[in-house]
Amino acid sequence: MFFIHRDYSVGSPGFGYNVLGPAWTLTYEIYFYSVFVLAMCFTHRFRTILTSILLISPIIILQLFYNGELSLAGDASANIPLDNPIFSLLRFISSPILVEFIVGMFFYELYSKIQFSIKKEVALFTFFVCTGFFITYYSSGNLTGFGLDKSGLISAVLLFGFLTYDKCIGFKENKTLNFLGDISFSIYISHYVFINMLNYYRPDFYIHTAGWSRFFLMTTITLTAGTILHFYIEKPFIAIGKKIEISISSKKYNKLESV
């Protein structure tokens with residue numbers, strides 16, 4: 001609920017996850033956004049470079065000091081002594097999964113600022129190779145798990161393929177995919193609750209399903225719940241947040257005018 005993990009003495013990057021399950025990833029996101037804002041306070045032009053330095057420096061320093069080696073594995077957070085007064089913070093900021101934000105920023109810079117020309121055939125070939133690479137290693141289970149040496153790697157390859165295709169050919173607008181994108185956060189934050197409720201109470205309609213039938217059942221439940229949450233909780237609170245933002249901005253503007 002407060003974007004913190006449950007237990008920093010257990011393995012990274014989940015650290016015991018969160019009361020809400022998937023919300024453990026939000027801890028990393030909020031930390032990244034905070035560091036990014038800090039970097040922009042110093043430089044807008046070189047914000048990606050400065051953010052990367054601020055993210056990766058604690059990982060390198062803390063891992064080398066406490067572990068004696070540097071690793072990008074998902075569970076390679078620095079082994080901080082429990083009696084350290086900032087044990088939890090140091091464990092968190094030394095988690096290598098933060099490097100994946102640097103990869104994301106690199107792809108942004110490559111996609112938006114660097115002009116390059118690739119033939120459509122080459123872009124299509126790159127897209128299929130990257131997609132095939134991802135499907136192969138994801139389905140085989142050889143690179144499953146957290147970290148840039150596992151799922152982070154194959155995900156980066158997949159993203160590169162999609163970005164190359166979109167840059168050179170372009171994906172057509174799709175209302176269904178747009179809608180799924182709109183409700184994706186509500187699904188992400190709530191699906192863990194529904195899955196655990198059904199596993200705990202085990203109603204008849206649930207225990208009589210298995211395999212694909214259970215997959216479609218849970219997909220239907222999570223899509224329905226995500227849609228309801230999106231329209232009746234997420235969107236109204238976004239609107240409230242925008243009203244508060246406008247109110248604060250207008251007050252600041254009026255103060256500046258009066259001065």
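Okay, let's start at the beginning of helix H7, where a side-chain oxygen of Asn 174 comes to within 3.0 Å of the backbone nitrogen of Thr 176. Before I go on, keep in mind that what we're looking at is a predicted model.

So, a bit more on H7. This helix covers residues 175-201. With its 27 residues, H7 spans 36 Å from first C-alpha to last, which is close to the 39 Å you'd expect at 1.5 Å a residue. In general, an α-helix has 3.6 residues a turn, so residues three or four places apart point the same way. Then, just after H7 ends, Arg 202 takes a positive phi of about 50°.

Now, let me stay on H7 for one more residue. Leu 180 sits in this helix. Is Leu 180 buried or exposed, or something in between? Well, its relative accessibility is 34%, so Leu 180 counts as partly exposed.

Leu 180 also takes us to the surface, as one of the residues in a nonpolar patch. Others in that patch include Leu 177, Phe 179, Phe 231, Tyr 232 and Ile 248, and together the patch residues have about 1,200 Å² of accessible area. Which helices supply at least two residues each? That would be H7 and H9, with H9 running over residues 212-258. The largest share comes from H9, which puts in nine residues.

Okay, let's zoom out. How many helices and strands does the protein chain have? Nine helices and zero strands. Read from the N terminus, then, the elements go α-α-α-α-α-α-α-α-α. If you put a box around the C-alpha atoms along the principal axes, you get roughly 65 × 55 × 55 Å. The chain has 259 residues, and 31% of them are buried.

One last stop, over in helix H5, residues 120-140, which is where Lys 120 belongs. Lys 120 has 54% relative accessibility, so this residue counts as exposed. Have a look at Tyr 165 as well: Lys 120 and Tyr 165 are 45 residues apart along the chain, and their C-alpha atoms are separated by 8.0 Å.

That's my tour, thanks!

Note on methods. Residues numbered from 1 in each chain as written. Predicted model: local features only at pLDDT ≥ 70, side-chain atom pairs only at ≥ 80, totals over all residues. Heavy atoms only, no water. Patch = residues over 30% accessible without salt bridge, like charges linked within 9 Å, V, L, I, M, F, W, Y side chains within 5 Å. Areas by Shrake-Rupley, 256 points an atom, 1.4 Å probe, with all protein chains shown as cover. Salt bridge = Lys/Arg side-chain N within 4 Å of Asp/Glu carboxyl O. Helix = DSSP H or I, 4+ residues; strand = E, 2+ residues; numbered from the N terminus. Buried < 20%, exposed > 50% of the residue type's maximum accessible area, 1.4 Å probe, protein only. Expected span 1.5 Å × (residues − 1). Polar contact = N/O pair within 3.5 Å; in protein donor to acceptor, adjacent residues only side chain to side chain.
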